[in-house]
Amino acid sequence: MKPRIWLLISALLVMSLLMAGCAAEPAAPAAPAVGEAPPAEEPSAGLGDLPRHETLIVDILTGRVGTPDDFNEWVGWKWRDRGMQNLANEPLWSVDFATGKIIPGLAAGDPVYNDDFTALTIPLREGVTWDDGQPFTAADVVFTVETLKKHQGFNDHIFFGENVKSVTAVDDYTVAFELNAPNSRFHTRFLDRWGATWIMPKHIWESVEDPVTFKFNPFVGTGPYKLHSYDPSGFWTIWEKRADWDKSPTGIMFGEPKPKYIVFQYFANEGAKILAQLTHQADVVNVSSDGLKAVLAQCESCRAYRLEWPYVVNNDPAQTGITFNTARAPYDNREVRWALLLAIDIGEYMGMAVDGTGALSPVHIPSLSNYPDDFIKPMLPWLEEFTIDLGNGETFAPFDPNASQRVVEYAKSRGYKVPEDPEEQARLFGYGWYKYAPDVAEKLLVKNGFSKDGSGRWLLPDGTPWRIRCLTGTQLATGMGERNCVAAVQQWKNFGIDAEVYSSEATANLNAVGDFDVSSNWPAQEPWGAGPDLYRVLNHWKSEFVKPLGEVTSGHPSRWSSPEMDAVIEKLQNTDPTDYQATVDIGIEGLKIAVREMPGIPTFGYVGFIAWDQTYWTNWPGAENPYTQPYTHWGPFKYMTPFLQPTGAR
Amino acid sequence: MFLKRYLIPRLIQYVLVIVLGITAVFFIPRLLPNDPVLRTIAEMRARGAYLEPGAMDKIISDLQQMYGLEGSLWEQYLAFWGRLFRGDLGVSFFQFPTPVIDLIMTALPWTAGLLLTTTILGWVIGNLVGGFAGYYSNKQWSRVLDAIAMVVRPLPYYIFAFALLLIFAYYLRWFPISGGARLGMRPSWSWPFIQSVLWHSFLPAMSILVLSAAVWFQTMKLVVQNVNAESFVTYAKLSGVKEGRIVSRYVIRNALLPQITGLGLSLGLIFSGALITEIVYSYPGLGTLLYNAIINGDYNLIMGITVFSILAITTSVLIVDLIYPLFDPRIRYM
């Protein structure tokens, strides 16, 4: 008996050890050539063999790579912030939201459209090579577009299929497109704003039998770094500086990248990220508000984007806020939407949402980059004159140019050190918002048939209690959408509405089919974050994209549209996006309509939290020196690498 | 007789449970409000892809076609069984177009290696120590062990795991903070890699092992104390049977029977992964794979992992049932 039990146990133990051993031989396809780096690079591999003083370690924003051996980023989602989009790929153009500039990468300049926007030519940069030494030419662009058009399964298959009649290489460095219909924004498909259509190296892809399932491993790009190795379980990817970095657009434009190796590492929890940074095993981590506080409190060599409060990155090009489902009563009524806005005390709101750290915007684009100068400041006179009709000849001007001061006061009450310079305050907290006017909100509601019961709770026009459920995601403590819902619900409760947060994993579905009253979906499509063009924002409000409730909407989840906005969109569509002032003027027209109709409430710009350790690397693009955008997951991270300075620490 | 009266009905039951389980696994994810196609679109948008609004209907129908979500539920169900019989679990929606089997086989060795080892070691240590502690329950060392187990067992796992991480990885820096092996190291049968895996697995393994051993210890101790009070044990003692023989042949052997059933079930559960361990230690494995599959409505991946889990649990229970007579001579299937 006894021997039999132990035999069984021993067998199970051996099996378990074998299983552990199996981890040594991944079931995934064979190790790529890149994993078989030259002997000098791989004695037993490991960071121990990568010199720490030449290695930059950053965390992967989007988490553990689910497809570690697959670099075909043209199909599905391939965790391209593991270094593909931000180091090894160069797009035709990139958005840099910190400088407000569009940076040409593989392109040598702006696209040139014909008069009716049915054709364009793009000049390409000369002297660029792929990281395997082959020259980059117009043939690569032509091949890419034709391949994407040809095969169903590529993310951009439909776009190019519907838009492109023909694509030709005029010469090695000029590519010409003929379009099926006028499209003045066709080129933006190649503009990297956390993603774009990347160019394929023709010399590799042309011999591939099935490009949709091709893994493109080893990855070959035109960026300054090339793939060194990766973890088959998706925990890390290592990139190495190209010996011929000067043949990449980054090298040509900005010089030699400083880190020899860049490691993208996944941490499954914030605690591990913080511990890694405190022990100098991670140079850059994306954390939560509390995580940033923990790092700054315990790590002398660490810094945030701002050297002083509010520390955060508050120039991320996404405008957060609240979206109304305008296909549902009573949110189909503009005056009800305005009443809900005026019931918000933005000082309290900001305190509750993000501890006062965000920049307010009264319009549906964030207060960052070139947007304040191009759009928000020019709109201030109009905003101050703008009024709402309260009935009986009474009007109300809702805009408050000093609303940001309420946030400043909140911050001071918390003991934070707030800059006294008004211009700096405006940059940090925005150029005004709307008044807190619950009395005006009440008038608007009463005008529209709403009433209050004996206990002061609002009733709908049909006499039933008014209940608002604010649909949002599940990261109630850290998500920007979630923080908006939490703050809005509290404000509306104070106002006497039975409001609650409806937290769900299915927000994508519910927003898409319109199964919500109010949601924390961004109140408008995110803008590019640089340049004058708001077509990306406004186009999502086009009436032809609005679908009945229950069907997946193609446009913005608010399902709001108007003939007036359609006309603006069409006008913008027919305007050359390189005509700066004309594009800005039409954008302002669209923003005015959005303010009047208020299909969603814009509150504050997205707040990001990054911690940089300066033990091994310095000269980070912080707020005091924003030479480029600060994130390592955005495309222009590659443009940061030539400016980083090694400290020499070992 | 054994074949007809026990084995065949038991095997039929085994197959039936698998079919019903897999059927439930097919339908339940489809009741989730998460539509994988919309989820994919939302993820692509959230991660920077600008999807032309005018092309949305076409994108949706393309994705449905690629994911095999066209046709009625019944047609999808039949197609699913057809694929399953060919050993094809389909492709992951979220990690498209990676085959589900590839994802599982990459994660499984880590999970199985960690959980199989800790489950078995925890069972052996807990039962062995618990057995002796139960038999010698009046001894001082037995009381001390009991007190330790009483303190350790109710500790929330994540607190315990994180405490180990803080103490041994951050303050003492004896072990790594995260990962399954050293950064930059590709899996191989080399000693440095095996050494690195063992080094990285130590804290995750200890966190599971200590708590599971405490559980087995407490249950075994109680069962042994009960068995110890049985008249056949008293009779053996009065008959002058050697104490070692009484402990091993009469007491522990009898007390072990329910523990073996427990072991069988625990082994089956391995295929569900160890989500919290994976999160605390950033350890690769099936747990996060399953979690992400559920969050993203990745039907194929959910089904793939749970098919393995169903097969593992039902098979381990079947094996335990069949080998039970080896441990308990009173049970005969004849």
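## Loops, a sheet and a core

With 19 C-beta neighbours inside 10 Å, Asp355(A) counts as partly exposed (buried means 20 or more other C-beta atoms within 10 Å of a residue's own, exposed 12 or fewer, partly exposed in between, with C-beta atoms placed from the backbone). This is a predicted model, where local features need pLDDT of at least 70, side-chain atom pairs count only at pLDDT 80 or more, and totals for chains, interfaces and linings use all residues. Residues are numbered from 1 along each chain as its sequence is written, while chains are lettered from A and ligands numbered from 1 in the order in which they are written.

Asp355(A) sits in the loop between helix H10 (346–354) and helix H11 (371–385) of chain A; helices (H or I, at least four residues) and strands (E, at least two) are DSSP runs, numbered from the N terminus. Asn619(A) is in the loop between strand E26 (617–618) and helix H20 (637–640) of chain A, and with 15 C-beta neighbours inside 10 Å it counts as partly exposed.

| Residue | Phi |
|---|---|
| Asp355(A) | about 55 degrees |
| Asn619(A) | about 65 degrees |

Now for the cis peptide bonds. One joins Trp309(A) and Pro310(A), with omega about 10 degrees, and Pro310(A) is in the loop between strand E13 (302–304) and strand E14 (319–324) of chain A. Another runs from Ala329(A) to Pro330(A), with omega near 0 degrees; Pro330(A) belongs to the loop between E14 and helix H9 (334–342) of chain A.

On to the sheet. Four strands of chain A form an open sheet in the order E4-E5-E7-E6, paired antiparallel (two strands pair if DSSP finds at least two bridges between them). Strand E4 (112–113) and strand E6 (164–171) of chain A are the edges, each pairing on one side only. Between E5 (residues 119–123) and E7 (residues 174–179) of chain A there are five bridges, and Pro123(A) has Thr174(A) as its bridge partner in E7(A).

Finally, the core. A nonpolar core is a set of buried Ala, Val, Leu, Ile, Met, Phe, Trp, Tyr and Cys residues joined through C-beta atoms within 7 Å. The largest has 258 residues, and those with the most contacts inside it include Trp492(A) and Leu538(A). H5(B) gives the most to this core, with 16 residues. Leu116(B) lies in that helix, H5 (residues 100–135) of chain B, and counts as buried with 21 C-beta neighbours inside 10 Å.
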